[in-house]
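I should like to take the group through one protein model, from its overall layout to its aromatic residues.

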Amino acid sequence: MYSSYSGAKNSDEEAYERIRAVDDDDYLLQRFWTEACNGATERLKPFLRSVSAQPTQSARQRIDMTQDYKVTLEVSSSYDATLTESVQTSLHSYFVNYMVSRWYKFTNKEETENYGNDAVAAMDDVMRKIYNKKKPVRIVV
């Protein structure tokens, strides 16, 4: 996971042990995943045609992390489809940064705000791309 890499690169000698995630942290990480899915769904709500069911989690119960987050969006007919891959990349960045920012609230507080801001920026980028419209083509007769 990213946290091990980050901890190993940190100049603080205790950072690796403090930042890295271990199996016992699965519950929190799963909760952060679900929160990220809920946040994305909320922001994408104006365009949602369908969204995959997200696993629910009760106290200390593990959730099935093999399920992907899948949404089908209904966008304007003038949506620029060439942006679709970029939207997916930005959405992935949102998930990574959101989860890291939540994890860092416990393990690496100095960097929490940076990753939180990056998550917001990635989702804002998703929304700008979805709202972007391709330029009309003038037909000459």
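Predicted model: local features only at pLDDT ≥ 70, side-chain atom pairs only at ≥ 80, totals over all residues.

Residues are numbered from 1 along each chain as its sequence is written, and side-chain values use heavy atoms, with hydrogens and water left out.

First, the layout. The protein chain contains five helices and two strands; here helices (H or I, at least four residues) and strands (E, at least two) are DSSP runs, numbered from the N terminus. Read from the N terminus, the order of elements is α-α-α-β-β-α-α. Of the 141 residues in the protein chain, 33% are buried, where buried means under 20% relative accessible area, exposed over 50%, and partly exposed in between, with a 1.4 Å probe and protein chains only. A contact means heavy atoms within 4.5 Å. Taking contacts between residues at least 6 apart in sequence, 69% join residues at least 24 apart.

Next, helix 3. This helix covers residues 26-44, and its 19 residues reach 27 Å from first C-alpha to last, close to the 27 Å expected at 1.5 Å a residue; the expected span is 1.5 Å times one less than the number of residues. Its buried residues include Leu 29, Phe 32, Trp 33, Ala 36 and Ala 40. What covers the buried residues of helix 3 includes both strand 1 and strand 2, together with helix 4 and helix 5.

In helix 5, the end C-alpha atoms are 34 Å apart, which agrees with the 33 Å that its 23 residues should span. Among its buried residues are Tyr 115, Ala 119, Ala 122, Met 123 and Lys 129. What does Lys 129 touch, not counting residues up to four places away in sequence? The partners are Tyr 79, Leu 83, Ser 86, Val 87 and Ser 90. The relative accessible area of Lys 129 is 14%, so this residue is classed as buried.

I turn now to the aromatic residues. Rings of Phe, Tyr and Trp (its six-membered ring) pair if their centres lie within 6.5 Å; planes under 30 degrees apart count as stacked, over 60 as edge-to-face and the rest as tilted. By this rule there are seven aromatic pairs. One of them joins Tyr 69 and Phe 95, a tilted pair at 5.3 Å centre to centre with 55° between the planes. Tyr 69 lies in the loop between strand 1 (48-51) and strand 2 (71-73) and Phe 95 in helix 4 (residues 84-107), so the pair ties together parts 26 residues apart in sequence. Tyr 69 is buried at 12% relative accessible area, and Phe 95 is buried at 7%. Phe 95 also pairs with Tyr 94, edge-to-face, at 5.3 Å and 75°.

Tyr 94, in helix 4, is buried at 7%. Leaving aside neighbours within four places in sequence, its contacts include Ala 36 and Ala 40 as well as Ala 119, Ala 122 and Met 123. Finally, ring pairs link Trp 33, Tyr 69, Tyr 94, Phe 95 and Tyr 98 into a cluster.
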